[in-house]
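Please examine the sequence and the three-dimensional structure shown here before reading further. The explanation after them is written for a reader who is new to protein structure.

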Amino acid sequence: PLPVPPDWPAGLVLGLLLLMMFVAVAGGAYPVVRRLTRRLELLKQGVEAFGAGALHQRVASDGRDEVAAVAASFNRAAARIEALVKSNQSLLANASHELRSPLARLKMAVTMLDDAPPAMQAGLKREIDTNIAELDALVEGVLLSSRLDAGVVHDLAETVDLAGVAAE
């Protein structure tokens, strides 16, 4: 039994016993809970930094609990998003570079068209048509690439006659 004066009421003794148990459990649980909440705070900070534009941001995913699983999932998603953004930036840079050449040729041909003799005008018109076709093909390539990156390939679907394929 507890070393308490004999004149204390039983309810008070029980209350003190419960209070001591609560303090012991809270004291033992605090380090575990604090470690978990610290990891959640770090995960939150990493997600916020990534959302603010730091695409290289990753979070620590050590451990075998649910927080580590969420952190690992975030890291995989962040890596994929970073790769997609870099791919998109590269595509835009390459597309703008590729579009400049036919645009410059087109601008020059249009400028020369009015002052050119009739014999040269037909050649300039053909060059204009060629440059427009090249621009159209480049734009179509950029659009196709962006659709493929987005997972939209509806325009590529075609009907296949399975009976004919099986017969062959």
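This is a predicted model: local features need pLDDT of at least 70, side-chain atom pairs count only at pLDDT 80 or more; totals for chains, interfaces and linings use all residues.

Residues are numbered from 1 along each chain as its sequence is written, and side-chain values use heavy atoms, with hydrogens and water left out.

The protein chain contains four helices and zero strands; helices (H or I, at least four residues) and strands (E, at least two) are DSSP runs, numbered from the N terminus. Read from the N terminus on, the order of the elements is α-α-α-α. Of the 168 residues in the protein chain, 14% are buried, where buried means under 20% relative accessible area, exposed over 50%, and partly exposed in between (1.4 Å probe, protein chains only). Contact means heavy atoms within 4.5 Å. Among contacts in the protein chain between residues at least 6 apart in sequence, 43% join residues at least 24 apart.

Two packed helices are described by the angle between their axes and the distance between the axes. Axes are lines fitted to C-alpha atoms, for helices over the stretch in contact, and angles run from 0 to 180 degrees between N-to-C directions. The axes of helix H1 (residues 10-51) and helix H2 (residues 66-113) come within 11 Å and cross at roughly 10°. H1 and H2 are therefore roughly parallel to each other, a term that applies to angles under 35 degrees. On the H1 side, the residues that meet H2 include Leu 36, Leu 40, Leu 43 and Phe 50; on the H2 side, their partners include Val 67, Val 70, Phe 74 and Ile 81. The residues of this contact comprise 12 nonpolar, one polar and one charged. In this division Ala, Val, Leu, Ile, Met, Phe, Trp, Tyr, Cys and Pro count as nonpolar, Asp, Glu, Lys and Arg as charged, and the others, Gly among them, as polar.

Which residues make up the largest nonpolar core? A nonpolar core is a set of buried Ala, Val, Leu, Ile, Met, Phe, Trp, Tyr and Cys residues joined through side-chain atoms within 4.5 Å. The largest has seven residues: Leu 106, Ala 109, Leu 113, Ala 116, Leu 124, Ile 128 and Leu 135. H2 and helix H3 (118-150) are the elements that give two or more residues to this core. A second, separate core of six residues includes Phe 50, Val 59, Phe 74 and Ala 78.

Some single residues complete the picture. Asn 75 lies in helix H2 and is buried, with a relative accessible area of 14%. Leaving aside neighbours within four places in sequence, Asn 75 is in contact with Arg 58, Val 59 and Ser 61. Glu 82 also has its place in helix H2 and is buried, at 15% relative accessible area. With neighbours within four places in sequence again left aside, Glu 82 is in contact with Leu 55, His 56 and Arg 58. Ser 146, in helix H3, is partly exposed, with a relative accessible area of 33%.

Methods. Angles under 35 degrees count as roughly parallel, over 145 as roughly antiparallel, 65 to 115 as roughly perpendicular and the rest as oblique.
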